[in-house]
Amino acid sequence: MGLADIGQMLIALSVTVLLANFLLKKLNNFSRSTSDVIKVIERVPVSKSSSLSIVQVDSEYLLMSISETKSEVIKTFTQQEKEAIQKRLIESRQAKEIPNKLGPYSEKLKTIQEKILHKARQFEEQRKERNT
């Protein structure tokens, strides 16, 4: 077995790996069903075979227990709870996006963001006190 044979095998192997990677991505996109009515908002594993999920069905938010054998609705969230969940999701996404985009300035901006959120909460509490 010469050097040329080894080179051909390496090229064939790399082409095979690239092709398999491409096909798996296409298959994943094809098999992933998208729905305008049902969306999994968040999923947290509880054990190896079960998880808790917040699922949006139309305009309702449901807390569901999902396992290999069954799925059941544990709770239907109220409108206030739904709004609180949406707010926390937005804050969480923003907190994750800021460090990625800003690099070395992320820590300073994180402290500024925390101060602004703290002030906003104080303002909201003061507004509620005035209205009651």
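Predicted model: local features only at pLDDT ≥ 70, side-chain atom pairs only at ≥ 80, totals over all residues.
Reader: How do strands in a sheet hold on to each other, and what order do they take here?

Author: In general, strands of a sheet pair through backbone hydrogen bonds, in a parallel or an antiparallel way. Here four strands make an open sheet, running β1-β2-β3-β4, with antiparallel pairing. Strands β1 (38-45) and β4 sit at the edges, each pairing on one side only. Ignoring direction, neighbouring strands of this sheet are turned by 30° against each other on average.

Reader: Let's zoom in on β2 and β3. How many bridges link them?

Author: Eight bridges, in the antiparallel sense, between β2 (residues 50-57) and β3 (residues 60-67). As an example of who faces whom, I54 stands opposite L63 in β3.

Reader: What else does I54 touch, sequence neighbours within four places aside?

Author: Quite a list: K39, V40, I41, E42, Y61, L62, L63, F77 and I85. I54 also belongs to the largest nonpolar core, five residues made up of I54, Y61, F77, I85 and L89.

Reader: Now I74. Where is that one, and is it buried, exposed or partly exposed?

Author: Look in strand β4, residues 71-76. Buried would need under 20% relative accessible area and exposed over 50%, so I74, at 48% relative accessibility, counts as partly exposed.

Reader: Which residues does I74 touch, leaving out those up to four places away in sequence?

Author: L52, L63, M64 and S65. Take M64: I74 is 10 residues from M64 in sequence, yet their C-alpha atoms are 5.4 Å apart in space.

How values were computed: Residues numbered from 1 in each chain as written. Heavy atoms only, no water. Helix = DSSP H or I, 4+ residues; strand = E, 2+ residues; numbered from the N terminus. Buried < 20%, exposed > 50% of the residue type's maximum accessible area, 1.4 Å probe, protein only. Contact = heavy atoms within 4.5 Å. Core = buried A, V, L, I, M, F, W, Y, C linked by side-chain atoms within 4.5 Å. Pairing = 2+ DSSP bridges. Axes fitted to C-alpha atoms, helices over the stretch in contact; angles between N-to-C directions.
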